[in-house]
Amino acid sequence: MPEPEPLVLDPTGSDPDAENLALRERGPATLVDILGVRAWSVSDPALLKQLLNSKDVSKDGRAHWPAFAETVPTWPLALWVAVENMFTAYGKDHSRLRRMIAPTLSARRTSVLQTDIETLVNDLLDALDRLPAGESIDLREHLAYPLPIAVIGQLMGVPPYQRAEFRTVVDNVFATHLTAEQQAANTAALYSLLDSLIDTKRVKPDEDMTSLLIATRDEEGDGSTLSDAELRDTLLLMISAGYETTVNVIDQAITTLLSEPQQLAHVQEGRCTWHDIVEETLRHNPPVKHLPLRYARTDITLPDGQTIQAGDALLASYAAANRHPALHRDADLFDAIRPTKEHLAFGHGVHFCLGAPLARLEVTTALRLFFERFPHAELATDEAELRRLPSLISNGHTTVPVRLRHRSPSEGHRTAETGDTPSHYRHPR
Ligand code: HEM
C-alpha cells in the first residue's frame with residue numbers, strides 16, 4: 001500500500017484542535033511533516049503508551065536516528081534533539097542523568113515548598129489588588145509567568161537579574177515559527193547565559209541545584225559522572241521544562257474557567273476540587289501538544305498493518321491523544337466533574353515528567369488563591385479573540401487580558417500585608 005502524503009503540521013500552531021482532529025482521523029499513527037522532517041505522529045493513547053514503554057523506541061537521536069547528522073545543522077528544532085541530558089538519553093545514560101535530579105523533585109521534597117509557593121502567589125495577588133478596579137491586566141504577565149519563574153529560579157539559584165533574560169530565550173525555544181538561523185542565534189544566547197550562571201556558581205556556590213550539579217561534575221574531574229555538555233544541558237532542561245509548561249497550564253485553566261462560569265461554579269460550590277480542575281486542564285489543553293522526537297530502533301508493525309521502520313522518527317502527540325474518543329466521552333468538552341481525567345500531559349514511561357508534583361502544586365495554589373481573591377474576575381476580551389502562541393509544541397496564549405472584580409465588603413477579604421480590610425472594599429469604585 002502506498003504511504004499517504006505526510007500531513008504538514010502548522011508551525012504557527014494556529015488551530016490545534018482542527019489539526020489534532022485530522023491526526024486522529026488518519027489513524028493511530030500517521031506520517032507528518034514537522035518543519036521539513038518526516039515523522040510518525042502517534043495520537044492513539046493505547047498505542048502511544050505502548051511505544052513510550054518500549055525499549056525499541058529511543059530518544060537518543062545521535063545513536064538511533066540515521067538522519068540526525070544531516071538534519072541538525074539546518075532544522076529549527078535542532079536543540080530539541082541535540083541536547084545532551086536525560087531528555088534525549090537512552091538506557092543507562094538516561095538512568096544516570098535522571099537520578100541526579102529526581103530526588104530534588106520528589107513529591108515529598110516538593111510538598112515542603114507549599115508555604116513558599118503560597119507566599120509567592122499572595123505577593124503577586126497583593127500587587128494585583130493594588131491596581132485600579134476595572135482595569136484590564138494581562139494575567140500571563142502578572143501571575144502565570146512570574147510564579148513558575150520565581151520557583152524554578154529559586155530551586156536553581158538563578159540570580160533575579162538573570163531571570164528576565166532566561167525568559168526571553170526559553171520562550172524562543174518553544175517558538176516554532178522562527179527560522180533555523182534565528183533558533184541558532186537563540187541557542188547561542190541561551191548557552192551564553194547558562195555559561196555565565198555556571199561561572200557565577202563555581203565562584204560562589206550555594207545550596208541550589210546548579211551548585212550541586214557543578215559539584216557532581218567537578219568531584220569526578222574527568223566528567224565520567226557528568227560531562228561539561230551534560231551539566232550545561234541539564235540546567236537548560238530544568239529551566240525550560242521548569243516554567244514554560246507551567247505558565248501555559250495556568251493560562252489555559254484561567255481562560256477556561258473565565259469563559260465557562262459553570263465550570264468555575266463546580267469548584268466554588270464544592271462539586272469538584274482544584275486538583276480536578278488542574279487535571280482536566282492538563283487533559284483538555286496540555287501545555288505540550290507534540291513532543292519531538294523519538295526513534296524506532298527496530299521495525300514496528302502497527303495495529304492497522306502499517307510499519308514504522310527502524311530509524312524512523314516519532315512524535316508523541318499528547319494533545320491529540322488526550323482527546324481521543326477511546327479515552328473519554330465528549331473528549332472535546334472541558335468537564336471538571338467527568339468521572340476520570342486520564343491524560344498523557346506529563347508523558348508516560350521512563351521519561352515521565354520529573355516536575356509533575358511541583359507543577360501540580362504551583363498551578364493548584366495559583367488557581368485556588370487567585371479565585372479566592374478575585375471570584376468575580378472576567379475575561380476582558382472574547383475567548384475567540386485570544387491569540388495563540390506561535391508554536392506547534394506549546395499550548396497557550398500570547399496574553400490573557402482579565403478584568404479583576406474585587407469582593408464586596410460583606411465578603412470580608414483581609415489583605416495579606418496588614419490584616420485590614422483593604423480600602424477599595426470599604427469604598428467600592
Ligand atoms: C504542567 C507543567 C508541565 C508539563 C505539562 C510537563 C510535561 C512534560 C513532558 C510532556 C515531558 C516529556 C515526556 C516525554 O519524553 O515525552 C516532560 C519531561 C520533563 N519534565 Fe516536565 N512538564 C511540566 C513541568 C515541569 C517542571 C515544573 C519541571 C521541573 C521543575 C519539569 C521537568 C521535567 C524534566 C526534567 C523532564 C525530563 C524527564 C526525562 O526525560 O526523563 N517539568 N515534562
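This is a guided tour of one protein model, stop by stop.

**Before you start**

The model is predicted: local features need pLDDT of at least 70, side-chain atom pairs count only at pLDDT 80 or more, and totals for chains, interfaces and linings use all residues. Residues are numbered from 1 along each chain as its sequence is written.

**Stop 1: the whole protein**

The protein has 20 helices and eleven strands. Helices (H or I, at least four residues) and strands (E, at least two) are DSSP runs, numbered from the N terminus.

Turn the view. Along its principal axes, the C-alpha trace spans about 70 × 55 × 40 Å. What is the radius of gyration of the protein? The value is 22 Å, which agrees with the figure near 22 Å for a compact globule of 429 residues. This radius is taken over C-alpha atoms, and the globule rule is 2.2 Å times the number of residues to the power 0.38.

Of the 429 residues, 44% are buried. A residue is buried if 20 or more other C-beta atoms lie within 10 Å of its own, exposed if 12 or fewer, and partly exposed in between; the C-beta atoms are placed from the backbone.

Now think about contacts. Two residues are in contact if their C-beta atoms, placed from the backbone, lie within 7 Å. Among contacts with a separation of 6 or more, 73% join residues 24 or more positions apart.

**Stop 2: the ligand**

Select the ligand and its surroundings. How many residues surround the ligand? There are 27, and the closest are Thr 245, Gly 347, His 351, Cys 353 and Gly 355. A residue counts as near if its C-beta atom, placed from the backbone, lies within 6 Å of the molecule. Next, colour helices H6 (91-101), H14 (228-241), H15 (244-259) and H19 (356-373): these elements give two or more residues to the shell.

Colour the shell by class. It holds 20 nonpolar, six polar and one charged residues. Ala, Val, Leu, Ile, Met, Phe, Trp, Tyr, Cys and Pro count as nonpolar, Asp, Glu, Lys and Arg as charged, and the others, Gly among them, as polar.

**Stop 3: H11 and H12**

Two packed helices are described by the angle between their axes and the distance between the axes. Select residues 160-173 (helix H11) and 180-203 (helix H12). They pack at an angle of about 145°, with axes 9 Å apart. Axes are lines fitted to C-alpha atoms, for helices over the stretch in contact, and angles run from 0 to 180 degrees between N-to-C directions.

The H11–H12 crossing is left-handed. That term applies if the near helix is turned anticlockwise from the far one by less than a right angle; clockwise gives right-handed.

Show the side chains at the contact. H11 brings Gln 162, Glu 165, Phe 166, Val 169, Asn 172 and Val 173, while H12 brings Asn 186, Ala 189, Leu 190, Leu 193 and Leu 197. By class, seven are nonpolar, three polar and one charged.

**Stop 4: H8 and H10**

Move to helix H8 (residues 114-129) and helix H10 (residues 146-156). Their angle is about 145° and their axes are 10 Å apart. Is this crossing left-handed or right-handed? H8 passes H10 in a right-handed crossing.

Ile 117, Leu 120, Val 121 and Leu 124 of H8 meet Pro 146, Leu 147, Ala 150 and Val 151 of H10. This contact has eight nonpolar residues, with no polar and no charged ones.

Stay on H10. Ten of its eleven residues are buried, so H10 is largely enclosed by the rest of the structure. Among the buried ones are Ile 149, Ile 152 and Met 156. Just after H10, Gly 157 takes a positive phi of about 70°.

**Stop 5**

Most residues other than glycine have a negative phi, and most peptide bonds are trans. Here are some exceptions.

- Select Leu 35, in the loop between strands E2 (29-34) and E3 (37-42). Its phi is positive, about 50°. Leu 35 counts as partly exposed because it has 16 C-beta neighbours inside 10 Å.
- Select Asp 330, in the loop between helix H18 (318-322) and H19. Its phi is positive too, near 45°. With 10 C-beta neighbours inside 10 Å, Asp 330 counts as exposed.
- Select Pro 292 and Leu 293. The peptide bond between them is cis, with omega near -25°. Leu 293 lies in strand E6 (residues 291-296).

**Stop 6: Leu 23**

Finish in helix H1 (residues 16-25), at Leu 23. Leu 23 counts as buried, with 26 C-beta neighbours inside 10 Å. Leaving aside neighbours within four places in sequence, its contacts include Leu 7, Ser 41 and Ala 320.
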